[in-house]
Amino acid sequence: MTVPRPSSLSTQLILSFSALVLLATLVVGAPAIWLLQQQLQRQAWAQVDQGRQAVQALYAAHQNEMAALATLTAERPSLAALLRPLDAPALVSYLDTLRQGAELDLIAVCSTGDQPLALAGDMAQIALLPSLCTSPLAPYLATTVPSGVLPQAWLVAAQEIASDSGPMLGKVIVGRWLDEDFAGQMRLQTGLDHTLLAGELPLVTSLPGGTAVLRQGEASAEGDHSTYAWAGRPYYAAHIPLEPVALGTAALTAEVALNVTDVVSTGQRVIAALVASMVLATTAGALLSTLVARRISRPLASLAAAATDLSQGNLSTPLAFEAHMREVALVGQALEGARVDLQRTVDELRAEKAWTDHLLSAIVEGIVTLDEGGRITFFSHGAERITGWARDAVVGQSCDFVFQTAGSDRPFSALIAGEGGRSKIPVVLHDGRQAVLAVTRARLLPPEGGAARVALVFRDISEEEAVRRLLSHFLANVSHEFRTPLSAIAASVELLLDQAPDLPPEELQELLTSLHLGVLNLQKLVDNLLESASIEAGRFRVHPRPAHLEDIIAEVIGVMQPLLDRQGQQLMVELPAILPLVAADPRRTVQVLVNLLSNASKYSPDQAEIVISARVQEGWVQVAVADQGPGIPPEHRRDLFRRFALPGPENGSGQPGFGLGLSVVKAIVEGHAGQVGVDDRPGGGSIFWFTLPLA
């Protein structure tokens, strides 16, 4: 494997400073560029929206003006006089005079039957007359004239012609052509270019080049805004629907457009200026970092060379370096001080190395050395871990004070075997626990001379001793535990074989119940033995899945009810109204409850009440089994769930057992990521509880 060669300090400083300056300029410059672009666009769109509001107001004013002209024309008495009777030549001349005076492009008169009577205006528009008379009029019209290439947009208004007496005489229609001049006037009034469109076809526009120029790159934004290019220039536009009656073409839309060429060019210039300033700042930062890196790395290089000499074992040569910075000088002074201290320490360690090697060769687990007065002179880390005493607290103390014997009036020093011998000594540890230590004694002579010392090498064999005693207890009880149910089963089977036909139903049921209880006890014993062996071998597994706790408890009750009935014990179940699903292995959970109920029945008197309860906590369900037994003394609860530990070894119940059930319970519950424990029951007895996670 090839290890990459590290770069020099100066190179790392230059790269780090340059990257820092570049990052700072990007952090400052990029948001600034974005904000400037957004600000320019917002200002442009705000101007477009102001223009749209102005155009809407102007169109409303034109509509009002046109409606007023239509009303004024219809109310003229002379117009009514020409219609009674109809004098067509005089009517046309009269309408033309009115049209020129009102600066209109069209005045038409229709009869009450929607028949055209007269039209004043451009003769090319006469074709409009039949459609004008028969169609419902809106404020705007878009129509195609016979000789026109493009549709034409009109602003029109109609008013009925009233008579002094009698029915209406018809209606008058006035109109103004929305042409290029109209678009130019709108541009002068709003400051924005104006276009009238029929669908997507521009009819008139104030944009340069007129309607002959095609739009390019039109891209609608949200709402009624759009952007496009016209004659190579970008525009921001807003649309105002005019809601016309379309005669032969699409609906009309008014558009205001802002030339944003200056906005775009301004944004580009700002971006270029910011990018240039970022490049200059990065370049200046790189130059400055180069100078600083060289100033820092030069004295550090000399210190690095001195440190290399130290690492190669040259502790006798004083360090020589020059530094213009106070911090580097302090580092050099500290390095020189470290050289002096290291040289002194190395000399001391060389003198003690032989002694330490000899001592370590005798270490098994914990080691203690004693002087001729039995006071502790050395206390190893292993001894600290085993006894719980700290080295500083015991050095200089008597070994009889630190190692206080348990169950004996003789001091610790009197129980130690002779040199080369091994003794088992029960002691009380620092935390109050009792332990059995296997102690070996040796005699040591310090290499520098002086009085001989005593070395004690010991290890904690409490677990081995406890297992040995418990295994003896287990072997003593195993025959009884298996023989009792087997004897009951054998007796019941023998009685059934001999007298089954003659037995009354009550006795037959009692025999069958006895058989069932014996099989149940044997099954529980075998299950606990197998599970304990599986746990010991590391093959124990739990497979949780969503399950109903009510079903699990019901199965346990069905298994345990005969045993409880035989003892005359009453089982109470207290569950909440709504119990959520739990993540549990149903078979294993049944085994947990069977073990807990068996212990509760075993250590509770006849006719006692045993309670199974459950309550929902945050993310968990706690299941509890409460009995009326003698309870568990506090000093026994710590080891209660270990293998071969009985629920109450000194409670006077006289009930034998293997001490495996609760260890299996603990393994199963912890396999579900839950917890298990025991509390005192108010009024006497114990409450064994465990938790299961919610599904």
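I note that the model is a predicted one. Aspartate 49 is partly exposed, at 23% relative accessible area, and arginine 52 is buried, at 16%. The cut-off for buried is under 20%, so the 16% of arginine 52 falls in that class.

I then asked how many salt bridges the structure holds. The count is 8. I looked at two others.

Aspartate 96 pairs with arginine 99, and their closest N and O atoms are 3.0 Å apart. Both residues sit in helix α3, 3 residues apart, about one turn of the helix. Aspartate 96 is partly exposed with a relative accessible area of 24%. Arginine 99 is buried with 16%.

The side chains of aspartate 371 and arginine 375 also meet in a salt bridge, at 3.4 Å from N to O. Which of these two is buried, and which is partly exposed? Aspartate 371 counts as buried, at 16% relative accessibility. Arginine 375 counts as partly exposed, at 40%. As a reminder to myself, side chains of opposite charge can pair when their charged atoms come close.

Next entry: the whole protein. I find 17 helices and 25 strands. Of the 695 residues, 40% are buried. The accessible surface comes to about 37400 Å², and carbon and sulfur atoms account for 57% of that area. I also checked contacts between residues at least 6 apart in sequence: 59% of them join residues at least 24 apart.

Back to helix α1, which spans residues 9-74 and includes leucine 23. Leu23, Val27 and Val28 form a nonpolar patch on the surface. Together they have about 300 Å² of accessible area.

Next entry: serine 163. I located it in the loop between β4 (152-161) and β5 (170-177). Is serine 163 buried or exposed? At 17% relative accessibility, serine 163 counts as buried. Setting aside neighbours within four places in sequence, I find serine 163 in contact with Arg84 and Leu169. Arginine 84 is 79 residues from serine 163 along the chain, and their C-alpha atoms are separated by 9.9 Å.

Next entry: backbone angles. Most residues other than glycine have a negative phi. I noted two residues with a positive value. Glutamate 103 has a phi near 55°. Where does glutamate 103 lie? Glutamate 103 is in the loop between α3 (88-102) and β1 (106-110), and it counts as exposed at 65% relative accessibility. Glutamine 607 is not a glycine either, and its phi is about 65°. Glutamine 607 lies in the loop between α15 and β22 (609-617), and it is exposed, with a relative accessible area of 63%.

Last entry: a helix pair. Two packed helices are described by the angle between their axes and the distance between the axes. I took helix α15 (residues 586-603) and helix α17 (residues 661-671), whose axes come within 9 Å and cross at roughly 150°. The crossing of α15 past α17 is left-handed. On the α15 side the contact is made by Arg588, Gln591, Val592, Asn595, Leu596 and Asn599. On the α17 side I list Gly661, Leu662, Val664, Val665, Ile668 and Val669.

Conventions: Residues numbered from 1 in each chain as written. Predicted model: local features only at pLDDT ≥ 70, side-chain atom pairs only at ≥ 80, totals over all residues. Heavy atoms only, no water. Patch = residues over 30% accessible without salt bridge, like charges linked within 9 Å, V, L, I, M, F, W, Y side chains within 5 Å. Areas by Shrake-Rupley, 256 points an atom, 1.4 Å probe, with all protein chains shown as cover. Salt bridge = Lys/Arg side-chain N within 4 Å of Asp/Glu carboxyl O. Helix = DSSP H or I, 4+ residues; strand = E, 2+ residues; numbered from the N terminus. Buried < 20%, exposed > 50% of the residue type's maximum accessible area, 1.4 Å probe, protein only. Contact = heavy atoms within 4.5 Å. Axes fitted to C-alpha atoms, helices over the stretch in contact; angles between N-to-C directions. Left-handed = near helix turned anticlockwise from the far one by under 90°.
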